[in-house]
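Here is a short briefing on a protein model. Look at the fold first, then read the points below.

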Amino acid sequence: MDLRVMVMLLFLCALAITTTEGGIPKCCVATSMNIPTNVLRKVERAEMQRSNGVCDINALVLHVKGKKLCAHPKVKRKLKRMQRKKDGKPKRN
């Protein structure tokens, strides 16, 4: 086999692998209401997963030390309360 053909095949395989991984969404398939308080304190970022797109369920995705945890959307209230206490902001009326 010609060297150019081998290089081209290798390039196409690498391209196929990277584009396929980028197209697969990372959805939560189950959620938990029981997220420990010490874990909620360490949350760096939180985002909502909606069921109206590719994913099947609504979930609150918590990013903690490079890991993703799937929490029930109601956990968002508890998380906001904890963040308010941490920041020292008064409660809104």
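Which residues line the largest cavity? They are L40, R41, V43, L79, M82, Q83 and K86. This is a predicted model, where local features need pLDDT of at least 70, side-chain atom pairs count only at pLDDT 80 or more, and totals for chains, interfaces and linings use all residues. Residues are numbered from 1 along each chain as its sequence is written, and side-chain values use heavy atoms, without hydrogens and water.

**The cavity**
- A cavity is a set of points on a 1 Å grid over the protein atoms alone where a 1.4 Å probe fits but cannot get out; lining residues have an atom within 4 Å of a point.
- The count comes to one cavity of 30 Å³ or more.
- The largest cavity holds about 50 Å³ of space, a volume being the space filled by probe spheres set on the points.
- α3 gives the most to this lining, with four residues.
- Both α2 (37-41) and α3 supply at least two lining residues each.

**The sheet**
- Three strands form an open sheet in the order β1-β2-β3, with antiparallel pairing.
- β1 (45-49) and β3 (67-71) each have a single partner strand, so one side of each is left without a neighbour in the sheet.
- Strands are DSSP runs (E, at least two residues), as are helices (H or I, at least four), and two strands pair if DSSP finds at least two bridges between them.
- Five bridges join β1 to β2 (residues 59-64).
- R45 has H63 in β2 as its bridge partner.

How values were computed. 1 Å grid on protein atoms, 1.4 Å probe; cavity = no way out; pocket = protein on both sides within 12 Å on 5 of 7 lines; lining within 4 Å.
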